[in-house]
Amino acid sequence: MLTYLSNLEDVFGPLRLFNYITFRALMAGITALLIGYFIAPWIIQRLSNFKQSVRTKDEVGSDLAEKHANKVNTPTMGGIIILVSILISCFLWVKPFQEVAYVQHVCDECSINFNISRINSECPECGFKAVFDSDRDGMADSWEIETYGSLQYDANDELSESGTCIEVYAASKQSSQRLNSYVVTALIVYIGLSIVGFFDDYLKVMKKNSKGLPGRIKILGQTIITLIALCVLINAELSANNMRELWIPFYRHVLIETAPIWCVGVLLFFVLVGSSNAINLTDGLDGLATGCTVTVALAYGVMAYIAGNFVLSDTLLIEQVLGAGELTIICTSLLGACLAFLWYNSAPAEVFMGDTGSLALGGLVGAIAFMVQQPFTLVIVGGIFVVEALSVILQVGNYKLNGKRILKCAPIHHHFELNGWAETKVVIRFWILSLVFSLGGLATLKIR
């Protein structure tokens with residue numbers, strides 16, 4: 001909403017800052033941080049009747065149950081704090097519409113409107129090419145057209161040469177506003193999984209059932225949300241082509257240019273479900289999942305900014321995703337909201353995020369990773385979440401096959417607890433590792 005103040009820059013020059021992604025990302029993070037900090041006590045007080053349902057001795061063993069016995073009176077569903085903070089911050093600072101510029105190209109061989117989404121756009125029929133200059137935040141501001149040998153044409157020029165006519169219109173004359181499908185998808189996934197997580201928490205605290213929603217119901221909810229997200233991305237002009245490309249780390253070229261829609265849907269499903277369940281498994285110690293999410297949000301905020309920036313994406317040889325820059329604001333809102341929540345979630349925790357928070361945060365991170373063409377990099381950036389999930393899979397799998405446990409308890413953070421590590425030591429060391437994993441993920445942008 002506040003982005004429209006940039007339209008008044010002729011009246012007051014500094015208002016142009018509201019058009020810069022970098023400025024809005026910073027302000028969004030600060031806004032979410034302050035909102036989360038001030039609303040948390042009020043929400044925690046009202047969540048006091050929703051106590052954490054701690055697993056019994058029969059489920060986790062007597063040693064671990066004793067260590068966590070003091071958590072039984074701690075309120076849960078604290079993910080509501082993060083949800084409110086992110087939504088308000090995004091409402092204030094995210095630009096909901098993306099300007100799409102067009103170059104009209106007419107010749108003997110083809111008649112095509114170019115959707116300008118890369119530094120170089122080339123007509124597949126005759127080789128007509130648009131080369132862009134960039135302005136603030138790397139967005140296309142002006143461009144030149146070069147084609148047919150050494151001939152050069154500037155914007156607004158018209159030229160007839162051997163029966164060929166080229167007409168080029170400036171972006172201000174040939175542009176239109178499109179709803180930013182990346183922003184819409186991110187918020188749909190986040191809100192949808194927050195609802196699924198809320199019902200799970202509600203059953204746990206009201207029915208005193210530590211299992212919550214049945215697993216098949218959770219998967220059904222996640223599947224429905226995946227299908228909605230896929231429909232938005234595939235049918236929106238802004239994202240339809242980009243989302244069918246497949247990119248992998250350490251390789252500078254697109255692996256698959258036009259993947260089948262079912263293949264895109266399967267990948268999106270596994271990214272969303274995998275990331276949401278992985279963070280859910282990590283949320284077992286005070287501040288653990290929240291602190292690790294902070295570093296992941298920071299890494300993907302950088303990736304989203306680079307992916308939406310003409311100059312940086314071309315320099316680093318990664319796919320330029322028009323409109324993805326706005327996901328930077330969502331990432332910084334997530335970062336700020338998690339820092340505010342961590343203030344109250346650090347040991348000894350005054351509130352737990354519950355599935356209301358963990359499922360939704362994982363889904364949001366996974367959706368952003370998918371939309372900025374970095375879904376496989378999530379394995380590196382979210383390394384802690386991957387280790388936590390694998391520890392559960394290996395523990396359960398080995399027990400069913402051999403009747404033996406690999407770890408004293410899964411997820412792996414409980415294993416270290418039972419080995420004598422203090423809870424705070426486990427959390428801080430996992431935070432350190434999460435930061436290292438995030439930096440390693442960012443390094444893949446350069447190592448290609």
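Guide: A salt bridge is counted where a side-chain nitrogen of Lys or Arg lies within 4 Å of a carboxyl oxygen of Asp or Glu, and in this predicted model the count by that rule comes to five.

Visitor: Why is the pair of D355 and K204 called a salt bridge?

Guide: The side chains of D355 and K204 meet at 3.7 Å, N to O, and because the rule asks for a nitrogen within 4 Å of a carboxyl oxygen, the pair qualifies.

Visitor: How do you know whether D355 is buried or exposed?

Guide: D355 has a relative accessible area of 5%, and because buried means under 20%, D355 counts as buried.

Visitor: What makes D200, K204, K218 and D355 a network?

Guide: These residues are linked by salt bridges: besides the pair of D355 and K204, D355 meets K218 at 3.1 Å, N to O, and D200 meets K218 at 3.5 Å, N to O. D200 is in helix α5 (residues 181–206) and K218 in helix α6 (residues 215–235), 18 residues apart.

Visitor: Why is K218 called buried?

Guide: K218 has 14% relative accessibility, and since the cut-off for buried is under 20%, K218 falls within that class; D200, with a relative accessible area of 0%, is buried as well.

Visitor: Which residues have the most contacts inside the largest nonpolar core?

Guide: In this core of 93 residues they are Y300, L327, I330 and M371, while helix α8 (residues 288–307) gives the most to the core, with twelve residues.

Definitions and conventions. Residues numbered from 1 in each chain as written. Predicted model: local features only at pLDDT ≥ 70, side-chain atom pairs only at ≥ 80, totals over all residues. Heavy atoms only, no water. Core = buried A, V, L, I, M, F, W, Y, C linked by side-chain atoms within 4.5 Å. Buried < 20%, exposed > 50% of the residue type's maximum accessible area, 1.4 Å probe, protein only. Helix = DSSP H or I, 4+ residues; strand = E, 2+ residues; numbered from the N terminus.
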